Amino acid sequence: MADVSARAPLGGLRRLVPPLAVLTLAMAAAAPAALAQEPGGRTQFLRAPWKVTLTSYTTNVGQSPAEYFFTLSLEAGAGASLGGMTIQQIRGADWQFPFAVERTRAFLGVPRREGPRIPVQAGFDPAARRFDLSFPEPVPPGATVTVSLRPWTNPVQADTYLFQVTAIPAGPGPVPSPVGVGTLRIYQPNEW
């Protein structure tokens, strides 16, 4: 069998890596978006968002109007657009404070530097304390998106409230990716 390594641009790499692996690497470099699907046809992120920031400008018990901003960024090499999110309260003394689900909104950018609004559909399960959000127009890789949740008032008990955030890629059979936990501290103001 003739040695093709002298003719190949990959040179010595051909001797170390079987030809099928070289072909697979070349195909992956040519079409990275194709890697976003598993063999079973399920969509997943190649580089999932890994951090969520929760911002609120009202932090006293019972304060109104309240608005909680959840911000996450998709890397340019995410491999899939963001099709949805879940946000679930996992800690906090008050498990009853209600949200105005119909006032949920989303935009590109960060709080106080809002970019264009993007459509978002929201559902809230009060027993599970979980928001299920979907983006009819998925957020593309390389974008920063913020979702605004609006309770009627802040919780009535001071505590540290934690919200688990999961990102869901757009596509068939999406594989959710945990992003992280947003922390919200609610304070009891001093009464002098």
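Strands (E, at least two residues) and helices (H or I, at least four) are DSSP runs, numbered from the N terminus. The model is predicted: local features need pLDDT of at least 70, side-chain atom pairs count only at pLDDT 80 or more, and totals for chains, interfaces and linings use all residues. Residues are numbered from 1 along each chain as its sequence is written, and side-chain values use heavy atoms, with hydrogens and water left out.

**Exercise 1. Find the pairing partners of E3 and explain why it is largely enclosed.**

Step 1. Two strands pair if DSSP finds at least two bridges between them.

Step 2. E3 and E7 run antiparallel and are joined by six bridges. E3 also pairs with E9, again antiparallel, over eight bridges.

Step 3. Follow one residue. Ile-87 stands opposite Phe-131 in E7, and its bridge partner in E9 is Val-165.

Step 4. Seven of the 10 residues of E3 are buried, so the rest of the structure largely encloses this strand.

**Exercise 2. Describe the largest nonpolar core.**

Step 1. A nonpolar core is a set of buried Ala, Val, Leu, Ile, Met, Phe, Trp, Tyr and Cys residues joined through side-chain atoms within 4.5 Å.

Step 2. The largest one has 33 residues; Tyr-68, Phe-70, Leu-82, Met-85, Ile-87 and Phe-135 have the most contacts inside it. At least two core residues come from each of E2 (68-73), E3, E7 (130-139), E8, E9 (159-169) and E10 (177-186).

Step 3. Take Leu-82. Beyond its neighbours within four places in sequence, its contacts include Phe-45, Leu-72, Phe-135, Val-145 and Ile-168.

**Exercise 3. Is Ser-148 buried or exposed, and what does its side chain contact?**

Step 1. Ser-148 sits in strand E8, residues 144-149. Its relative accessibility is 0%, so Ser-148 is buried.

Step 2. Leaving aside neighbours within four places in sequence, Ser-148 is in contact with Glu-67, Tyr-68, Phe-69, Arg-103, Thr-104 and Arg-105.

Definitions and conventions: Buried < 20%, exposed > 50% of the residue type's maximum accessible area, 1.4 Å probe, protein only. Contact = heavy atoms within 4.5 Å.
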